[in-house]
Amino acid sequence: MTRPETPDRTRFGLLMVFVMLLTIPALTGGDSFARPRSLATSEILSSPTDLAMVPVLPPAVCTVQAADVPEDGGGLISVTWEVPEDTPGTEFITAFEILRYAPGETPAPVGDVPPTDRAFEDGSAEDGTTYQYIVRSVSPSGFTDSEPSGPAVASAQWFARGRFPVLLVTLFFCTAVLFFVQRAKGGAELFIRKIPGLEAVDDAVGRATEMGRPVLFVPGIETVSEVGTLAALTILGHVARRVATHGTRLLVPVADPIVMTTAQEIVRAAYAEAGQLDAYDPGSVAYLTYDQFGYTAGVDGIMVRERPEAVFLLGTFYAESLILAETGHAIGAIQIAGTKETSQLPFFVAACDYTLIGEELFAASSYLSREPVMLGSLKGQDLTKMTIVYVIVLGFVVGTVGALFFPGGNSFFSRAFDALYSWFG
Amino acid sequence: MKRTVPLLITFLTGFFLIVSFFVPHEPFGQLEQRLLVWFAIVSGFAMLLGVDSLFRAHLKRIIRAREGRWHSLALLLSLVVTLAVGIIGFAKFGSPFHMQSPFMFVYTYGIIPLQATMFALLAFYIASASYRAFRARNTVATLLLVSAVIVMLGRVPIGAAISQFFPVAQEWIMDVPQLAAKRGIQIGAALGAVSMSLRILLGIERSYLS
Amino acid sequence: MAEGRRRGFWEVMNNIDRRIIFVVLAVCVTIPLIVSTGGEIKPTAPVIRAHASVEALETGDYMMISIDFDATSAPELMPMLRAVLRQAFEKDVKIIMLGHIAIGLPLGHMALEQIAAEYDKEYGVDYVDLGYRPGYIAVIIAMGREIEDIFASDYQGTPLREMPVTENIHSYDDIDLLFGFEHGAVIDYWVRYTQARFDQRMTFGTTAVMAPDAYPYLQSGQIEGLVGGLKGAAEYETLVGHPGLGTRGMPAQQWAHLLVIGFIVLGNLGHYFTRKSGKRAT
């Protein structure tokens with residue numbers, strides 16, 4: 001059914017009037033509408049007095065220490081100092097200037113900081129060179145230098161020791177995944193629970209085919225560097241294969257140009273795989289806009305005009321989630337949504353027929369493909385999750401027992417809890 | 001070959017990025033930052049692809065006089081006009097975002113109200129969706145319904161006027177059960193994301209490569 | 001007959017047309033916005049903590065403000081931004097503004113200029129707007145080493161080293177507090193990179209929808225305070241002692257909440273009686 005042209009033209013006319021109203025003053029009177037910026041001035045010098053009232057030179061700072069910044073890529077030395085309390089002239093300090101020298105050199109400034117700071121990081125140090133630092137207290141009446149710090153040498157480290165627990169967990173996780181992948185390759189039976197949202201994917205495409213209406217796939221508003229978008233694109237491949245086999249129309253509006261090219265390739269390959277390359281329409285994957293609500297308006301428009309029977313809202317969504325899902329509900333489409341954004345999940349649960357919660361979205365490609373290797377990676381993930389759950393329960397039991405039965409903080413339980421906390425914290 | 005090269009690039013990039021997280025020494029230390037800058041540059045050029053696709057699709061619709069051509073014309077005109085005022089702002093004031101730039105006029109009186117209007121729809125949709133969704137169909141749904149009412153009352157002054165219970169209970173619901181569920185989902189989703197990343201790095205997951 | 005009429009009524013309540021809900025909601029929000037001036041607001045703990053984090057700053061300290069929202073979230077986030085700016089300028093704290101959403105940054109700039117004028121502050125001396133650079137993760141990480149590497153100049157092209165406010169600013173080490181105004185995922189990147197890697201003190205104002213996402217960070221102590229939604233804005237305005245649009249918006253929000261609760265109750269009654277009479281009929 002085609003829509004009458006007259007209202008469309010009227011809307012266009014109204015829009016043009018609006019655009020003209022907006023742009024003519026913008027182009028002609030640009031200078032007149034903006035509020036002039038404040039011309040007020042304030043004191044640049046932060047000292048509370050003027051020069052005449054500063055009686056003495058500022059005091060020298062003490063305990064100047066310099067050390068290599070640990071676990072860095074080199075070229076950094078941290079300098080710390082203390083300001084003697086209750087010494088006359090402290091209140092007149094306007095800045096600390098940091099001077100550096102290598103053996104045989106004269107001290108030269110490398111930076112300055114406000115009077116409230118007690119530390120400075122020298123980012124211009126050369127690795128392997130021994131430096132000493134002097135902190136200069138500056139006031140309007142002059143300056144006083146501190147005693148030089150001890151020698152410090154900047155160096156780069158090959159391993160960030162603070163990240164050792166992360167490395168250990170990463171290795172455990174990778175080992176678990178690879179172990180189960182190998183087991184799956186060896187023919188082991190792996191049980192995966194039923195995920196209703198994924199079971200419904202084929203039914204939704206089938207229903208759209210029966211009704212002769214299109215399938216709308218929205219892969220979120222983020223780019224491909226978001227793993228949620230990648231997960232959505234893997235499901236798009238599956239949906240596109242089904243669509244190509246059934247001969248249903250597919251619409252994929254996207255908000256990111258890189259997602260557009262990736263999705264175009266995926267859909268084209270799916271049609272080729274189904275032997276329906278002739279039926280592939282390059283315009284089915286279309287870029288709308290990068291702007292969040294411009295995109296939302298565009299997708300809503302497509303929903304209302306094209307009346308898709310099946311709507312997939314998979315990937316990364318923010319505030320637009322409910323606007324899209326409610327419009328989909330209003331047109332009576334069967335809706336399958338999924339995201340890892342916890343703040344948007346309630347909206348999808350309220351307005352969609354099926355919702356993939358967090359990890360279910362990432363499990364989708366493994367679940368749909370049913371390839372043993374892919375399912376193996378899911379089992380590895382589950383093992384890691386169970387281990388984390390055990391550690392959380394262990395921490396809870398040890399911490400609670402320590403706090404309830406051995407108060408004082410020096411029992412085995414308290415120490416064990418502190419060790420766990422500091423290790424994972 | 002068509003698949004092997006991208007898979008190799010993915011594996012090597014991912015591997016070196018993971019290494020750079022644990023090794024601060026050069027050449028690994030600054031690798032992540034450098035790659036992110038490359039990504040930003042590639043994204044910038046990819047934007048041209050998007051604009052090209054948009055322009056072609058709508059131009060085709062106008063030339064072939066297809067249904068919706070007036071909408072397409074409006075879209076293209078808006079695109080060109082916004083671009084033009086942006087360039088004028090840049091040429092005249094050094095930045096389109098300068099307070100006196102004509103782009104700021106379009107921004108203040110065009111883009112802001114349009115964006116705000118779209119977002120404002122959310123208020124209406126939240127009302128209709130919660131009316132539909134919060135039904136005491138079973139025990140769990142009833143719990144959800146009661147929590148929702150407590151949070152809604154606790155978030156507005158009238159809740160405290162009725163009883164101090166509402167703001168206190170609201171804060172407890174947000175701090176304890178809400179947070180517990182959220183953390184559970186987040187831990188699961190994070191592990192799922194890591195697992196998926198691992199599948200991609202190892203070349204087990206290839207469907208995104210078509 | 002009467003039984004049938006009653007059943008018909010509850011069936012209608014069970015399936016109220018969404019257009020009716022829309023119209024009633026529009027009326028309930030619009031009228032309080034026009035006629036009401038706000039009521040008594042009692043600040044909650046997360047907002048009190050956010051306020052205290054700014055209050056802990058001393059004269060001459062630096063606060064970095066990140067505008068990570070656009071016009072869509074302006075009604076919620078602009079009132080809190082204005083309140084925070086007022087508190088900061090009152091304490092003579094220096095402001096460094098930047099943003100990760102290009103199309104939203106002008107909103108922040110407008111508020112900055114407006115509040116700076118109220119407190120007689122001078123651009124380049126007391127505050128600066130660095131503008132926008134693409135690629136937020138890269139920007140956030142790079143500023144940990146040298147801000148000038150990313151923002152060599154402010155939004156007008158004035159070099160950072162030529163302005164008194166930024167001449168000594170190099171990295172997060174020189175920033176005493178980061179206050180981000182967020183409507184999306186950028187908050188995660190701030191916490192993940194700036195807090196975790198550089199141990200930066202930070203506080204956030206978020207939209208009501210995003211606030212639950214930020215609660216884990218607040219509870220773990222990674223962020224110092226949290227101002228959530230219009231209610232948070234109203235509470236912050238109360239703490240600053242300058243009621244503004246946040247406070248004025250509260251009655252509208254209150255009526256909207258009550259209306260939604262009313263519709264939920266009606267829907268449930270409709271659901272209950274329709275089901276009951278349906279059972280009786282069978």
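Which strands of chain C does helix α10 lie across? Good morning. In this predicted model, local features need pLDDT of at least 70, side-chain atom pairs count only at pLDDT 80 or more, and totals for chains, interfaces and linings use all residues. Residues are numbered from 1 along each chain as its sequence is written, while chains are lettered from A and ligands numbered from 1 in the order in which they are written.

Let me answer the opening question. Helix α10 of chain C, residues 229-240, lies across β5 (202-206) and β6 of chain C, and runs at about 120° to β6(C). Helices (H or I, at least four residues) and strands (E, at least two) are DSSP runs, numbered from the N terminus. Axes are lines fitted to C-alpha atoms, for helices over the stretch in contact, and angles run from 0 to 180 degrees between N-to-C directions.

These strands belong to an open sheet of 6 strands in chain C, in the order β3-β2-β1-β4-β5-β6, with parallel pairing. Its edge strands are β3 (127-132) and β6 (226-228) of chain C, each pairing on one side only. From one strand to the next, the twist averages 15°. Two strands pair if DSSP finds at least two bridges between them. Strand β2 of chain C, residues 94-99, pairs with β3(C) over 5 bridges, and I95(C) stands opposite Y127(C) in β3(C). Another helix, α5 (residues 105-118) of chain C, lies across β1 (62-68), β2 and β3 of chain C, at about 170° to β3(C).

I turn now to chain B. An automatic or database assignment supplies the domain bounds; for chain B it gives domain 1 (1-64) and domain 2 (67-130). The C-alpha centres of these two domains of chain B lie 28 Å apart. Between them, 5 residues of domain 1 are in contact with 6 residues of domain 2 of chain B, where contact requires C-beta atoms, placed from the backbone, to lie within 7 Å.

How many residues of chain B take part in the contact with chain A? The contact takes 66 residues from chain B and 77 from chain A. Helix α4(B) provides the largest share of the chain B side, 17 residues.

Finally, chain A is divided into domain 1 (52-153) and domain 2 (196-370), and the C-alpha centres of these domains of chain A lie 59 Å apart. Chain A also meets chain C: 18 residues of chain A are in contact with 24 residues of chain C. Thank you.

Technical notes: Contact = placed C-beta atoms within 7 Å.
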